[in-house]
Amino acid sequence: MFKKAIHSRFLIVLMLMLTLTLLSACGASDTGSDGNAKSADPVTVKIGLLKNVTHAPAFVSIKKGYLQDRLGANVKIEVQGFNNGSDFSTAMATGEIDIGYVGPSPVINQYVRSKNIKIVSGANNGGAVLVARKGAGVTSVKDLAGKLVAVPTKGSTNEISLRLLLQEQGMKVTTDKSGVQIIAMAPADTLTAMKQGQVDAALLPEPWGTQIANEGIGEIAVDWDQVPPNKGNYPLTIIVASDGFLKAHRDLAKSVLLANEDAIQFIQGHPDDTYALVSDELKELTGKGLDAELIKAALSHLSLTTNIDQDALQAMAQVAVDAGYIKDVGADGLDLTGLYDLSLLKETQEGK
């Protein structure tokens with residue numbers, strides 16, 4: 001009798017332990033039938049993005065509430081804005097952000113150094129223009145010989161496009177006026193430098209090129225759909241995530257991709273309602289919004305897509321290698337196969 005009671009108590013305790021274990025395993029995170037992450041425990045997701053109109057899907061995803069709806073009520077979202085992709089990549093490498101929107105070139109550089117970052121989705125193809133200062137005598141790429149041309153940061157996606165543009169015309173980048181000189185300068189500073197006649201041209205993400213043209217400071221010398229590679233059809237804004245975040249919160253990463261798709265569909269279906277959302281998010285990030293007509297013009301230079309053109313990124317990476325931004329590349333070239341994790345994107349595109 002005594003042994004039987006002990007055995008019964010043991011079975012009850014064992015069943016309780018198994019139940020708690022199962023609840024614990026399911027409680028960290030679950031995915032509902034709508035594809036959204038359902039986190040039972042409070043989680044903070046740190047989102048990074050750049051303060052450019054080319055990141056419009058990120059802005060709309062936040063402002064329309066798609067991001068919060070997809071992640072779930074138990075997820076706290078922290079948004080951090082960056083002025084350039086280099087700062088973004090550094091922040092991801094140090095754990096300051098988990099996932100976010102950025103240009104591909106800084107990501108490729110970061111991947112080569114640390115292998116701890118993955119491209120998980122596209123957001124926008126194209127959206128950069130070559131703008132020339134009025135009075136600089138620049139109406140074509142050939143006219144850039146002996147000129148000073150600005151890009152947002154060294155090694156940026158915009159600099160890679162500029163170098164490709166020059167290569168197409170058989171022109172060289174130099175440190176003197178025998179070729180084309182490149183200078184790194186924040187877009188806002190570039191606008192001021194052009195006013196003062198200190199810079200001849202610049203390859204910039206929108207809305208900066210359009211703003212410089214609208215203010216009568218410069219003119220668009222090469223429009224977005226002629227900027228290489230692929231005449232503007234190249235990844236300019238992508239979504240990347242740290243390996244650590246993907247490992248710990250793969251379901252939440254998928255929710256970010258779903259929110260990105262929601263935002264792209266909204267922008268494409270409701271362009272007039274998008275301008276205020278973009279302006280409001282820019283105001284939060286920079287302290288200043290943008291005129292609706294400027295945003296409208298800039299958005300017309302974007303090709304929003306979740307797809308990733310790996311061939312285009314490989315070509316851009318080779319330019320970075322040739323320019324000396326990526327070193328110690330073997331004779332077989334740069335292997336970027338480990339840079340991509342597009343499995344979640346495939347699931348969202350297939351409706352899984």
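The protein averages a pLDDT of 90, and 88% of the residues score at least 70.

**Helix pair H10 and H11**
- On the H10 side, the meeting residues are Phe-266, Ile-267, Gln-268 and Gly-269.
- On the H11 side, their partners are Pro-271, Asp-273, Thr-274 and Leu-277.
- By class, the contact of H10 with H11 has 4 nonpolar, 3 polar and 1 charged residues.

**Confidence along the chain**
- The average pLDDT of the protein is 90.
- Where pLDDT is low, the predicted coordinates should not be read in detail.

- In soluble globular proteins, nonpolar side chains tend to be buried together.
- The largest nonpolar core has 50 residues, and those with the most contacts inside it are Ile-119, Leu-130, Leu-144, Val-240 and Leu-339.
- Helix H13 (residues 310-322) gives the most to this core, with 7 residues.
- Another core, of 42 residues, lies apart from the largest one and has Phe-59, Val-120, Ala-123 and Leu-285 among its members.
- Beyond its neighbours within four places in sequence, Val-240 is in contact with residues including Phe-88, Met-92, Ile-99, Val-107 and Ile-119.

**Ala-91, in a helix**
- Ala-91 is found in helix H4 (residues 85-93).
- With a relative accessible area of 2%, Ala-91 is buried.
- Leaving aside neighbours within four places in sequence, Ala-91 is in contact with Phe-82, Glu-96 and Ile-97.
- A separation of 8.5 Å lies between the C-alpha atoms of Ala-91 and Gly-48, which are 43 residues apart along the chain.

**Asn-230, in a loop**
- Asn-230 lies in the loop between strand E11 (218-222) and strand E12 (235-242).
- Asn-230 counts as partly exposed, at 44% relative accessibility.
- Leaving aside neighbours within four places in sequence, Asn-230 is in contact with Asp-309 and Ala-312.
- Asn-230 and Gly-126 are 104 residues apart along the chain, and their C-alpha atoms are separated by 9.5 Å.

Key
Residues numbered from 1 in each chain as written. Predicted model: local features only at pLDDT ≥ 70, side-chain atom pairs only at ≥ 80, totals over all residues. Heavy atoms only, no water. Contact = heavy atoms within 4.5 Å. Helix = DSSP H or I, 4+ residues; strand = E, 2+ residues; numbered from the N terminus. Nonpolar A, V, L, I, M, F, W, Y, C, P; charged D, E, K, R; others polar. pLDDT = per-residue confidence, 0-100. Core = buried A, V, L, I, M, F, W, Y, C linked by side-chain atoms within 4.5 Å. Buried < 20%, exposed > 50% of the residue type's maximum accessible area, 1.4 Å probe, protein only.
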